Protein chains: 4
Amino acid sequence: MSHLSRDNSKLISRLRRIKGQVEGVERALEADADCAEVLRQIASIRGAMTGLTNEVFEEHLRSHVVDAADDTAREQGAEEMIQILKSYLK
Amino acid sequence: MSHLSRDNSKLISRLRRIKGQVEGVERALEADADCAEVLRQIASIRGAMTGLTNEVFEEHLRSHVVDAADDTAREQGAEEMIQILKSYLK
Amino acid sequence: MSHLSRDNSKLISRLRRIKGQVEGVERALEADADCAEVLRQIASIRGAMTGLTNEVFEEHLRSHVVDAADDTAREQGAEEMIQILKSYLK
Amino acid sequence: MSHLSRDNSKLISRLRRIKGQVEGVERALEADADCAEVLRQIASIRGAMTGLTNEVFEEHLRSHVVDAADDTAREQGAEEMIQILKSYLK
């Protein structure tokens, strides 16, 4: 069982709210809403996604680096984190 | 009827794919997937959201600034775009 | 003379402050400062760069789109803005 | 002596190139360059800053988390990284 499990229900709740926000944009587009409003809704989803991202990064850092089983696992968890971080920071 | 209508179906298709990706992350979390995998999926959603954002910005710029009905409307569309842009570029 | 001229002195002042901040990081690195401190300084430079970016985008939108000489110039200014925006939003 | 020292000369070289790029934008503004060109130069500086940021994050993760002296130091290095990361991912 993965380390994410203990916090998974919290993350899943966040994700369902994000899905609800995505459906909100879908409805806004179907109703021909003004694009300024659509852009504000998308900005809000980006913010929610970023909050989720930070939580998962924190989880990864704690479980795969700080609490890694041994030095080899820790080195691997850190390397993986650096690689993923590069796809976020650009 | 809003200017978004002509391209709405394309944007709605993009948004449905994004919703599908969000559901994919939800399933990954429910299945206790590794967080590196979850982070990669989230990065992919961010990319898709950014593509959508660029399209809506382009629509806004064309409809509310370039093709604005008159100078007052154009000035207002530009001001609105600057304000929204500030919430994206940070 | 370019449209940027009227605001150039303000932008140049901003840029000189940014250069001063970059020199601050250089000194911090030469003095073997802690990397957490270095990362905070870099975050501050990113914020200053983003403020500058928003000002130049606003200038571009006003001068090359809103106040464009004619429809052809306006279309071209908008197209240019969209292309550059794509390199910022990612 | 801080852990950054071993790689400091490489980071300082990167930073000097960034300072040169900032001076390039300064000259462009003084010469009334087109703002599209200015925006492209700023985008290039952002890219260089991001490369530097990734290197310093990697250094921090290796020195203060992976190779931390003990568990308390490791926990503290991880906490610090999470806090700083939040100011970058937004």
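1. The second largest pocket takes the largest share of its lining, five residues, from α2(B). This is a predicted model, and the points below should be read with that in mind. Three helices each supply at least two residues of this lining: α2 (35-66) and α3 (71-88) of chain A, and α2 (35-66) of chain B.

2. The space in the second largest pocket comes to about 190 Å³. From chain A, the residues lining the second largest pocket are A:R46, A:M49, A:S87, A:Y88 and A:K90. Chain B contributes B:A43, B:R46, B:G47, B:M49 and B:T50, and chain C contributes C:K90. By residue type, the lining of the second largest pocket divides into four nonpolar, three polar and four charged.

3. The largest pocket has a volume of about 540 Å³. Its lining is made up of 24 residues, and those nearest the centre of the pocket are A:K90, B:K90, C:R46, C:Y88 and D:R46. Ten residues of the lining of the largest pocket are nonpolar, six are polar and eight are charged.

4. Which helices each supply at least two residues of the lining of the largest pocket? They are α2 (35-66) and α3 (71-88) of chain C, together with α2 (35-66) and α3 (71-88) of chain D. A:K90 and B:K90, from the other two chains named here, are among the residues nearest the centre of the largest pocket.

5. The helix α2(A) has 32 residues. From its first C-alpha to its last, α2(A) reaches 44 Å, which is close to the 46 Å expected at 1.5 Å a residue. The N-terminal end of α2(A) is capped by A:D34, with a side-chain oxygen of A:D34 lying 2.9 Å from the backbone nitrogen of A:A36.

6. A:D32 is found in the loop between α1 (5-30) and α2 of chain A. A:D32 is not a glycine, yet its phi is positive, at about 55°. Is A:D32 buried or exposed? With a relative accessible area of 19%, A:D32 is buried, because buried means under 20%.

7. In chain B, the loop between α1 (5-30) and α2 holds B:D32. Phi of B:D32 is also positive, near 55°, in a residue other than glycine. The relative accessible area of B:D32 is 18%, so B:D32 is buried.

8. Chain A is superposed on chain B by a rotation of 180° with 0.0 Å of shift along its axis, and the RMSD is 0.0 Å. The two copies are therefore related as by a two-fold rotation axis. The C-alpha of chain A nearest the axis belongs to A:K19 and lies 3.1 Å from the axis.

9. C:E26 is placed in helix α1 (residues 5-30) of chain C. The relative accessibility of C:E26 is 7%, so C:E26 counts as buried.

10. The last point concerns A:A68, which lies in the loop between α2 and α3 of chain A. A:A68 counts as buried because its relative accessibility is 12%. Ten residues apart along the chain, A:A68 and A:A78 have C-alpha atoms separated by 9.9 Å.

Methods. Residues are numbered from 1 along each chain as its sequence is written. Chains are lettered from A and ligands numbered from 1 in the order in which they are written. This is a predicted model: local features need pLDDT of at least 70, side-chain atom pairs count only at pLDDT 80 or more; totals for chains, interfaces and linings use all residues. Side-chain values use heavy atoms; hydrogens and water are left out. On a 1 Å grid over the protein atoms alone, a cavity is a set of points where a 1.4 Å probe fits but cannot get out, and a pocket is an open set with protein on both sides within 12 Å along at least five of seven lines; lining residues have an atom within 4 Å of a point. Grid points are joined across faces, edges and corners, and a volume is the space filled by probe spheres set on the points. Helices (H or I, at least four residues) and strands (E, at least two) are DSSP runs, numbered from the N terminus. Ala, Val, Leu, Ile, Met, Phe, Trp, Tyr, Cys and Pro count as nonpolar, Asp, Glu, Lys and Arg as charged, and the others, Gly among them, as polar. The expected span of a helix is 1.5 Å times one less than its number of residues. A polar contact is a pair of N or O atoms within 3.5 Å; within protein, one must be able to donate a hydrogen and the other to accept it, and residues adjacent in sequence count only if both atoms are side-chain atoms. Buried means under 20% relative accessible area, exposed over 50%, partly exposed in between (1.4 Å probe, protein chains only). Copies are superposed by least squares on the C-alpha atoms of residues with pLDDT of at least 70 in both.
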